[in-house]
Amino acid sequence: GAAVLLLSLAKCAALEELNLGDCDKIPADAWKQLGEARWVNLKKASFRGCFDARTKGADGAAVLLLSLAKCAALEELNLGDCDKIPADAWKQLGEARWVNLKKASFRGCFDARTKGADGAAVLLL
């Protein structure tokens, strides 16, 4: 299922666009398959709603965010409505160097329902 797909995607070094929006049923263990992802060409990524109130995989968000932090070519990122990402997971973006980033959405990530508002500071550095 999802783990096989994510493992396959992690191996796609030429990947330029990835949209897994609203895939909130992906379990945490499946997200962890992205640990070896080296998306050097990734320019556009959407995970909107993957870690919302219905999520099955919030504990796997840290691996995804660490993989995204390494995407130097990233131009667009949508993590809207991902309000169940834990604070420690957000901290994985601390090393991100997105010099090409033109558009980012974190809409609804840090609202009254959020699980990880304490991790928001790393986005402002």
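## The second pocket

Glu-17, Leu-18, Asn-19, Lys-44, Ala-45, Ser-46, Glu-76, Leu-77, Asn-78, Lys-103, Ala-104 and Ser-105 make up the lining of the second largest pocket. Two or more of the lining residues come from each of strand E1 (17-19), E2, strand E3 (76-78) and strand E4 (103-105). Strands here are DSSP runs of E with at least two residues, helices are runs of H or I with at least four, and both are numbered from the N terminus. The volume comes out at about 160 Å³. By class, the lining splits into 4 nonpolar, 4 polar and 4 charged residues.

A pocket, on a 1 Å grid over the protein atoms alone, is an open set of points with protein on both sides within 12 Å along at least five of seven lines, and lining residues have an atom within 4 Å of a point. Volume is the space filled by probe spheres set on the points, with a 1.4 Å probe. Asp, Glu, Lys and Arg count as charged; Ala, Val, Leu, Ile, Met, Phe, Trp, Tyr, Cys and Pro as nonpolar; the others, Gly among them, as polar.

## About the model

This is a predicted model, where local features need pLDDT of at least 70 and side-chain atom pairs count only at pLDDT 80 or more, while totals for chains, interfaces and linings use all residues. Residues are numbered from 1 along each chain as its sequence is written, and side-chain values use heavy atoms, with hydrogens and water left out.

## The nonpolar core

Now for the core: its largest example has 35 residues, and Trp-31, Trp-39, Leu-42, Phe-47 and Leu-68 have the most contacts inside it. Such a core is a set of buried Ala, Val, Leu, Ile, Met, Phe, Trp, Tyr and Cys residues joined through side-chain atoms within 4.5 Å. Buried means under 20% relative accessible area, exposed means over 50%, and partly exposed is in between (1.4 Å probe, protein chains only). Helix H1 (2-10), helix H2 (28-31), H3 and H4 each supply at least two core residues, with the largest share, 5 residues, coming from H3.

Within H3, the buried residues are Ala-61, Leu-64, Leu-65, Ser-67, Leu-68 and Ala-69. Their cover includes H2, E2, E3 and H4. Leu-42 touches Leu-68 too, along with others including Leu-15, Leu-18, Cys-71 and Leu-74; contact means heavy atoms within 4.5 Å.

## Aromatic pairs

The whole structure holds 4 aromatic pairs. Rings of Phe, Tyr and Trp (its six-membered ring) pair if their centres lie within 6.5 Å, with planes under 30 degrees apart called stacked, over 60 edge-to-face and the rest tilted. Trp-90 and Phe-106 are edge-to-face because their planes sit at 70°, with centres 6.0 Å apart. That pair joins helix H4 (residues 87-90) to the segment after E4, 16 residues along. Trp-90 is buried at 0% relative accessible area, whereas Phe-106 is partly exposed at 24%.

Trp-90 also pairs with Phe-110, this time tilted, at 5.0 Å centre to centre and 45° between the planes. Phe-110 counts as partly exposed at 30%. Elsewhere, Trp-31, Phe-47 and Phe-51 form one aromatic cluster.

## Ala-58 in its loop

Ala-58 lies in the loop between strand E2 (44-46) and helix H3 (61-69). At 10% relative accessibility, Ala-58 is buried. Beyond its neighbours within four places in sequence, Ala-58 contacts Phe-51, Lys-84 and Pro-86.
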